[in-house]
Amino acid sequence: MLRICSLSDLTEDEGFRVESVTPPVAVFLTADHDVHVIDDTCTHQNASLAEGWVEDGCVECPLHTSRFSLTTGEADSPPAKLPVRVHRSEVVDGEVFVELSTATPNLPPGAVF
Ligand code: FES
């Protein structure tokens, strides 16, 4: 597994963008102290989900408000239709590790990293 950040980098119910992997991922610490890691880029257009609103286990895209489940990656309503990838994560001694999904990311048209 790959270390991507420290638990202390995270703020409850806010996203943290990690650019050391390609494409970037967004890490979330939810109110129930779970850590979730998903692809950071919305599948509709080039928006950072780390800047989205977190509520009820979902993050709302800051651009057009489709909501993505932090657990499944599925989008709940248009305009986004495709899911973001979800990456398996683990916290060990205050450090966040991730096993990146091997699935092909659903990047929006024109996204370049
Ligand atoms: S860019 Fe995310 S819903 Fe449009």
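1. Trp53 has a bridge partner in strand β6, namely Glu60. This pairing belongs to a predicted model.

2. An open sheet is formed by three strands, in the order β5-β6-β7, with antiparallel pairing. Which strands stand at the edges of this sheet? They are β5 (53–55) and β7 (67–69); each has a single partner strand, and therefore one side of each is left without a neighbour in the sheet. From one strand to the next, the twist averages 25 degrees. As background for the student, strands of a sheet pair through backbone hydrogen bonds, in either a parallel or an antiparallel manner.

3. The UniProt record, an unreviewed entry, carries the annotation "domain: Rieske" for residues 2–98. In the model, the chain over residues 2–98 is 40% strand and 0% helix. The end C-alpha atoms of this stretch are 5 Å apart.

4. Ala111 lies in the segment after β9 (95–99). Is Ala111 buried or exposed? Its relative accessibility is 18%; because buried means under 20%, Ala111 counts as buried.

5. Ala111 may also be considered together with Thr43. The two residues are 68 residues apart along the chain, and their C-alpha atoms are separated by 9.7 Å.

Methods
Residues are numbered from 1 along each chain as its sequence is written. This is a predicted model: local features need pLDDT of at least 70, side-chain atom pairs count only at pLDDT 80 or more; totals for chains, interfaces and linings use all residues. Side-chain values use heavy atoms; hydrogens and water are left out. Helices (H or I, at least four residues) and strands (E, at least two) are DSSP runs, numbered from the N terminus. Buried means under 20% relative accessible area, exposed over 50%, partly exposed in between (1.4 Å probe, protein chains only). Two strands pair if DSSP finds at least two bridges between them. Axes are lines fitted to C-alpha atoms, for helices over the stretch in contact, and angles run from 0 to 180 degrees between N-to-C directions. UniProt positions are given in the numbering used here, feature names are shortened, and annotations may be inferred rather than shown by experiment.
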